[in-house]
Amino acid sequence: KLHSDLDKGVGTVKYTLSGDGAGTVFTIDETTGDIHAIKSLDREEKPFYTLRAQAVDVDTKKPLEPESEFIIKVQDINDNEPKFLDGPYVASVPEMSPVGAYVLQVKATDADDPTYGNSARVVYSILQGQPYFSIDPKTGVIRTALPNMDREVKEQYQVLIQAKDMGGQLGGLAGTTTVNITLTDVNDNPPRFPKSIFHLKVPETSHVGSAIGRIRAVDPDFGKNAEIEYNIVPGDGGNLFDITTDEYTQEGVIKLKKPLDFETKKAYTFKVEASNLHLDHRFHSVGPFKDTATVKINVLDMDEPPVFSKPVYTMEVYEDTPVGTIIGAVTAQDLDAGSSSVRYFMDWKNDVDSYFTIDATEGTIATNELLDRESTAQYNFSIIASKVSNPLLTSKVNVIINVLDVNEFPPEISVPYETSVCENAKPGQVIQTITAADKDLSPAGQRFSFKLSSEASNKPNFTVHDYRNNTAGIEARRNGYSRRQQELYFLPIVIEDSSYPVQSSTNTLTIRVCRCDSDGTIQSCNVEAIFLPVGLSTGALIAILLCIVILLVIVVLYVALRRQKKKDTLMTSKEDIRDNVIHYDDEGGGEEDTQAFDIGALRNPKVIEDNKIRRDIKPDTLRFTRHRPPAEDNTDIRDFINQRLKENDVDPSAPPYDSLATYAYEGNGSVAESLSSIDSLTTEADQDYDYLSDWGPRFKILADMFGEESYNPDKVT
């Protein structure tokens, strides 16, 4: 209520209201000044309003007092319940946790005024989820209420939480939320086999490394806490098997580590232990986290192929052994209960296998052809054995036959030696050390012996000193040698081996006499020393040299006759020249100097006629200034020359002797190249005139003059 001291109650004062909510939320009686709320108020929406009031004169409309400001505060009532803004909640706690283990804290919010009364005072309680969990009434912290809660018994829990204002008193407003709590796994359970004995049946033909069975231990835990490791307990039969863990199913996979044989052993028994990989020390008191079971394996009898007594057979035979000789045998047996006979045959792969045969019943191996160690020293082939009762069941074994050597080749000097002896050699001087080689496969300790042949022992030129280590030295026996008296010496050397039967060969060593200095360094030798075959005699060498000399004499005579013929032809051609030839000693002016002298064409008076054109004088129409044409006109000049040459060839009035036409430039494509004497090379010896022979009979004289005659500068005119 508003009231002015100037208001006498006679209606002369008027009250006005302005500010927050004036006219909409609040109204004022203009006469009495009473303020009324015309709308429901909500403190949570607007907790206070600021208004301004004024008293004015009704008649003059002038304010009677200054404008005054006042605040209307909305008083709170408990009209809002607590709310869980983050709900519903999800939480987890490890299984087997002790009482009071922290799980989660929840929080509810009340929109009422916390400073006025108990409208915003919240208290928490559990409506659903007891007796497993508890909650602090003031803080909202949820904890476990029971010990040893087992995930394997119950994993999920749903707890209903209530928050009530007014301190939980009667009449207070309440809100609820749910908390989903999951018990997480811990390794509190050891693995256990569902049964104590596992029976497996395995065929004896199972391959090594193959899986022959599976066993499984059960662990109620989850994840890594349920991972199991299997091991075979050392004992009877366990060494033939191995066990691994299937990481997806956690099963124990039993694998075969060694082959099984029903005839040897029909059953195996061993124990398998299953244990956890990840242990929790808090539960060691529960007991050992492992379990043991017995595995019994029965081996099933299968029809198997024959079995050879050895994995590989190795035999030896001498080369040149007669065909049909037995060199060894292979043996295979059927180990099944109903033993069957075995048949043998060779596994043919190539032609080498045809050198041997095998008896199908006894398994004996014999030679089928003569053997040569130098051709093939070892044979490797396969023998197949099959059961008579079931030929499809076969087994294979490798047979290696080594061919032993028979001493059939004599030793020889290993390499060709270039042996020489100095003219000033002294008696006892070693001029060459030789070694020997044998194509036979020499046994350990075989020795070669060296000596001179019987016919050479009587000649005191050289001797052989056997060092008894498969080498020998050639020693001089004379005090000096003369090349003029004898240049070559042929020394026959006999070499024997120590095998049986003894083989020997005679090798001829050629020794050349050379001129040496005082230190024994060779200064000159006619030819290199070589090994000559035993059958090549000195007479044969002389006959070969005589034939070579006769051929050289024939060639020299032929060349001399050819030169004599060329000289006669040149003199004849010079006598045909009709005009006087004037010799000039001065040097010409070069190719451009065309007026230095005039050369008259050679002519034959017998064919001169008035109505004939002289072919030995250049026509006036062909006279032009001599100069070297540019490179791009070469084609035109060549065509011009070819045209004139063709006219001379087909002209019946041409003289019967050669005419020489000189041109300043011939062109790049001509086979004859330049015919100009001025533009020629320095000497005729640098030129090749063989092409003149290809120009026909009219150029025969020029071809004879320049084709074979040697160049002489004194004959140039």
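In this predicted model, Cys 422 and Cys 516 form a disulfide (a pair of cysteine sulfur atoms within 2.5 Å), with their sulfur atoms 2.1 Å apart. The link of Cys 422 and Cys 516 is left-handed, at -85 degrees about the S-S bond. Cys 422 belongs to strand β30 (residues 419-422) and Cys 516 to strand β36 (residues 504-516), so this pair ties together parts that lie 94 residues apart in sequence. Helices (H or I, at least four residues) and strands (E, at least two) are DSSP runs, numbered from the N terminus. Both Cys 422 and Cys 516 are buried, where buried means under 20% relative accessible area, exposed over 50% and partly exposed in between (1.4 Å probe, protein chains only).

A disulfide also joins Cys 514 to Cys 525, with an S to S distance of 1.5 Å. The link of Cys 514 and Cys 525 is right-handed, with 130 degrees about the S-S bond. Cys 514 sits in strand β36, while Cys 525 is found in the loop between β37 (522-524) and α1 (538-575), eleven residues apart. Cys 514 is buried, its relative accessible area being 0%, whereas Cys 525 is partly exposed at 31% relative accessibility.

Residues are numbered from 1 along each chain as its sequence is written, and side-chain values use heavy atoms, with hydrogens and water left out. Because the model is predicted, local features need pLDDT of at least 70 and side-chain atom pairs count only at pLDDT 80 or more, while totals for chains, interfaces and linings use all residues.
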